[in-house]
Amino acid sequence: MPQIGALHAISAHFAVGEQFEPATVVLPTGTGKTETMLATQVYRQLRRTLVLVPSDALRNQIFEKFVTLGVLPDAGVVPRELAGPHVAKISTGLRSVDDCQVLIEKSNVIVALPDSLRSSQPDALAYLLDQCSDIFVDEAHHVTASTWATVRDQFKNKRILQFTATPFRRDGKRVDGKIIFNYKLGDAQKAGYYRPINLRTVEEYGDAEMRDRAIATEAVAVLRRDRNDLGFDHLLMARTQNKDRADIVWALYQELAPELHPVIVYSGPGRRLINAASLEKVLDRSADGARIVVCVDMLGEGFDLPNLKIAALHDTHKSLAVTLQFIGRFTRKGATGTIGEATVVANIADPEAEAKLAALYAEGADWDVLIKRLSEERIHEELRLQDVVLGLKERGDLHSQLSLWNLRPALSTQIFRTKCEEWSPLNYTGCLPRDAESWYALDEDNNLLVAVTHRTSTVDWGNYQNLENSVYDLLLARWDKAAGALFIYASDYQGLRTERVARAITSDETDLLSGPAVFRIPNNVEMPLVKSMGSSRIGAISFTSYFGPNVTEGLADIEKREAQLNNIACLGYEDGERVLWGGTQRKGKIWQQKSGTISAWMEWCGRTWSKVSSEVELESNITRDFLRPQKLNKPYEEYPIAVQWGEQAQIRFSDKQFMLFDEHEVPVFLVDLSVGSVGEDGSIDIDIATDGFQSTYRLSISADLPGGYGHAWVAGPRLKFRKANAEAVPLDEYLVTDPFIVRYADGTHSYNCYHIPTRLDAGTYPKDSLETWDWSGIPLNRESMNKTGDRDTIQFRAFQHIEDEFDLIFNDDGHGEAADLVALKETDDGITLCLVHCKNALDGRVSADIRNFYTLCGQAQKSMAVKHGGMPRLYVDLKRRHETWTRQGASRFLKGDMKILSYFKDKARRSRVDFEVVLVQPGASVETVTPEILRLLATTELFLTKTTQARFRVVVSSA
């Protein structure tokens with residue numbers, strides 16, 4: 001029994017010495033924590049004990065337990081005639097030492113809340129603590145609060161015993177003090193204290209009302225099934241984060257299930273009698289009793305009611321400790337025949353829900369065993385992962401050590417060609433270093449092995465016998481028998497001896513796929529740009545690495561057959577997403593710069609195999625298709641149409657970086673970059689603007705300049721750039737390492753003095769694809785609605801044309817904009833994100849001037865960054881820009897609101913996002929567009945197709 005084990009651990013801890021480190025006993029909810037506390041008091045015959053509890057309800061419950069000694073007399077642990085302790089409660093602060101003396105003379109157990117002690121007179125509190133021999137702290141994860149710490153610290157070096165169901169505090173850190181007894185959740189389940197818990201999920205991305213209704217409807221359905229169909233005497237608890245939310249949710253349950261008599265419980269003035277009556281109804285087992293209780297957080301730490309079997313998580317918990325306590329309550333074992341398995345209902349559209357579930361799994365493998373995920377409402381990726389995890393649990397012991405749900409291997413593999421008819425995956429153990437431990441899981445249907453190994457080694461920075469490095473590694477192996485391919489991932493390929501493992505688990509005829517075939521990985525990657533590579537001179541031992549613009553030299557050596565490619569990392573675009581692929585020829589290792597679940601790794605291996613096993617001509621990938629930086633000795637001849645932030649600035653969240661206009665600091669998401677003008681010498685004036693400020697810096701490219709280029713201040717405030725909490729640096733200094741990206745009319749781009757030629761043989765944009773709108777009544781030189789909502793503008797007319805097509809339309813016009821209009825709609829396949837770029841006509845009239853399209857096409861090409869940044873980043877940028885207007889009494893929402901924007905942000909986590917770009921230029925017509933304009937539009941369309949798979953539309957004037 002865990003109580004006996006805990007009692008012996010407590011006695012042993014306090015057996016020797018006079019000063020003691022605080023001791024912590026971990027007993028999961030429902031395994032006799034309170035009884036262990038009572039037994040300690042009796043067995044150790046403690047002179048006077050102060051018991052600290054976190055709530056009024058628990059204070060009353062613990063008081064009654066000490067008075068009666070709980071179940072100890074009925075269990076025969078203590079004689080019934082044994083005189084119990086004298087127990088007192090402190091309800092208000094101690095006013096004087098005299099009051100304290102009276103209390104102490106009559107008591108040897110005193111139960112109190114920390115707040116009551118905190119409100120006591122300091123000398124009275126000091127006297128109380130001096131007269132107590134021991135302190136019991138119940139629900140010790142509260143011990144970080146200043147009120148708890150104040151009391152405990154005054155009792156330093158005496159006997160402090162902390163009881164908790166979880167070793168984690170509310171802030172996620174471990175409870176301090178020495179854990180002297182830890183009865184794990186898995187031990188409790190094996191002993192019969194717990195039954196499995198079913199996780200039933202809904203997927204609702206709507207507003208709070210829609211989310212609550214989805215959760216409540218599912219929870220009530222489960223409760224009715226348990227009670228009516230299965231005959232279980234189950235109760236439902238709905239958890240909310242505050243009183244206002246509790247009132248809303250309670251009204252919802254009254255609407256959905258009035259016959260189940262929902263009640264509500266939360267603390268506050270005037271609630272004591274109401275709460276008592278509500279809890280009485282919950283305890284009432286008659287037909288008039290309440291079967292649903294809505295509460296804030298929980299019913300109070302330690303509240304004991306095994307019938308609570310359905311948990312509806314309307315608001316997720318703030319900490320892992322509370323989550324463990326809350327869900328643990330529903331897994332308690334109850335009376336056979338009347339109590340069944342617990343069910344938790346959660347909304348997986350809430351990003352916090354999955355995060356908290358992952359936190360549960362991270363606590364230990366026991367939760368992985370207890371929680372049964374139900375798949376009725378889950379999407380493909382979730383179902384695939386569930387199938388893989390359940391398959392892996394069929395054989396092996398790894399799932400008893402850690403959660404398979406939380407494994408996140410890097411997307412990396414070595415590929416081996418196999419000839420065997422069967423494989424022997426467990427032979428991997430024979431290849432491990434001597435004395436290494438390992439645990440495995442094997443899915444025989446999918447031919448998938450997952451293993452974790454542990455090994456120790458001496459430290460290499462000194463000669464110490466008692467110091468060792470402890471290393472855990474992950475090994476994955478998947479055999480595709482039909483393809484004759486074995487995929488192996490290792491967190492340490494060399495340390496786990498993967499080539500030996502491959503032959504041991506298949507046959508000696510297995511060969512590593514290496515050599516040139518590895519470099520088929522850029523197949524289907526658009527506009528691949530080599531970021532780094534390594535090569536060796538043919539006929540020599542030397543090895544050379546190339547980075548950034550130097551890769552051009554390395555590629556040239558390979559073309560001339562003077563060098564052989566050894567490894568490469570290239571950036572490009574695949575299926576409309578930005579990707580980074582890497583591979584090494586000799587080791588046969590292939591990788592991408594991201595990680596995923598086990599099922600995601602398996603699917604990635606399948607896609608990778610289709611690349612490397614294809615018969616595409618190898619030479620084309622290396623010598624023809626790769627983009628190569630070329631150093632410019634003079635400005636590029638094509639017209640610059642746009643300026644973008646550098647790669648690093650685009651990757652960072654835009655609210656973590658700032659531009660300083662003299663002393664005025666502005667977030668980058670409110671700063672706009674544009675081509676101001678192009679000088680006769682080809683220099684580019686770059687305008688950097690925000691509300692109220694504008695600066696101009698000139699980019700010059702010449703062999704006569706240091707480094708071949710320069711950024712010179714021209715006008716406006718001198719600028720500095722600041723990243724997060726780093727010190728601000730002058731803009732020209734920052735641009736050395738993260739230069740502006742300049743985009744040109746032919747679809748190419750440059751940074752500093754390096755140009756990246758892009759082969760976009762786009763032809764001309766079909767005239768019959770141009771859309772025509774009527775612009776009657778709209779001055780063609782009036783573009784923006786501004787905060788006033790001016791309707792006689794190009795932007796407003798564009799809004800009118802798309803208003804019925806989209807669910808949300810956002811006026812994002814201004815500095816740092818994603819587009820003039822950002823529109824979102826829900827489709828059968830997912831979400832469509834549409835960016836509408838508007839531009840006024842030169843001289844306010846229809847003409848054949850290509851300058852009408854330079855800025856528009858530049859904005860369109862910059863839209864790539866919005867697509868690749870993803871909906872979460874776009875949501876943050878739009879929200880911040882909207883808040884700026886709100887403070888000035890204006891709204892950026894032309895249709896929809898922040899709730900709908902939040903809906904799309906959340907849904908995008910699990911839905912396909914299709915991309916659309918619309919250019920609106922009433923300064924041209926079908927009759928006036930020139931071949932040069934059509935080539936520019938075609939180049940922009942092809943660029944967006946390759947990089948984002950966007951649908952491209954162009955709107956001109958009907959006359």
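Analyst: Let us start with P717, which is found in the loop between β33 (709–715) and β34 (719–723). The names come from DSSP runs numbered from the N terminus, where a helix is a run of H or I of at least four residues and a strand is a run of E of at least two. This is a predicted model, in which local features need pLDDT of at least 70 and side-chain atom pairs count only at pLDDT 80 or more, while totals for chains, interfaces and linings use all residues. Residues are numbered from 1 along each chain as its sequence is written, and side-chain values use heavy atoms, with hydrogens and water left out.

User: Why does P717 count as buried?

Analyst: Buried means under 20% relative accessible area, exposed means over 50%, and partly exposed lies in between, with a 1.4 Å probe and protein chains only. P717 has 15% relative accessibility, so P717 counts as buried.

User: What is P717 in contact with, leaving aside its neighbours within four places in sequence?

Analyst: Contact means heavy atoms within 4.5 Å, and by that rule P717 is in contact with F661, D662, F693, Q694 and S695. The C-alpha atoms of P717 and H664 are separated by 9.6 Å, although these residues are 53 residues apart along the chain.

User: Why does H755 count as buried?

Analyst: H755 is found in strand β38 (residues 754–756), and its relative accessibility is 3%, so H755 counts as buried. Leaving aside its neighbours within four places in sequence, H755 is in contact with several residues, among them R628, Y636, Y744 and T748.

User: What makes the link between the side chains of H755 and T748 a polar contact?

Analyst: A polar contact is a pair of N or O atoms within 3.5 Å; within protein, one must be able to donate a hydrogen and the other to accept it, and residues adjacent in sequence count only if both atoms are side-chain atoms. The contact that joins the side chains of H755 and T748 is 2.9 Å.

User: Why is helix α2 described as largely enclosed by the rest of the structure?

Analyst: Nine of the 11 residues of α2 (residues 33–43) are buried, so this helix is largely enclosed by the rest of the structure. The buried residues include K33, E35, M37 and Q41. What covers the buried residues of α2 includes α1 (2–13), β2 (49–52) and α3 (56–68). After α2 comes Q45, whose phi is positive, near 50°.

User: How do you know that β1 and β6 pair?

Analyst: Two strands pair if DSSP finds at least two bridges between them, and β1 (residues 23–26) and β6 pair in the parallel sense over four bridges. A23 stands opposite L161 in β6.

User: Which order do the seven strands of the open sheet have, and why is one side of β3 and of β7 left without a neighbour?

Analyst: The order is β3-β4-β2-β5-β6-β1-β7, with parallel pairing. β3 (87–90) and β7 (178–182) stand at the edges with a single partner strand each, so one side of each is left without a neighbour in the sheet.

User: What makes β42 a mostly covered strand?

Analyst: Nine of the nine residues of β42 (residues 830–838) are buried, and this strand is therefore mostly covered. β41 (residues 821–826) runs antiparallel to β42, with six bridges joining the two, and a hairpin of three residues leads from β41 to β42. L833 of β42 stands opposite L824, and in β44 the bridge partner of L833 is F915. β42 pairs with β44 (residues 912–925) in the parallel sense over nine bridges.

User: How do you know that the span of helix α25 is close to what is expected?

Analyst: The expected span of a helix is 1.5 Å times one less than its number of residues. Helix α25 (residues 931–948) has 18 residues and reaches 25 Å from its first C-alpha to its last, close to the 26 Å expected. Its buried residues include I933, L934 and F943.

User: Which residues have the most contacts inside the largest nonpolar core?

Analyst: A nonpolar core is a set of buried Ala, Val, Leu, Ile, Met, Phe, Trp, Tyr and Cys residues joined through side-chain atoms within 4.5 Å. The largest has 63 residues, and V450, L486 and W601 have the most contacts inside this core. Helix α18 (residues 598–612) gives the most to the core, with seven residues. Apart from this core lies another, of 54 residues, among them L760 and L944.
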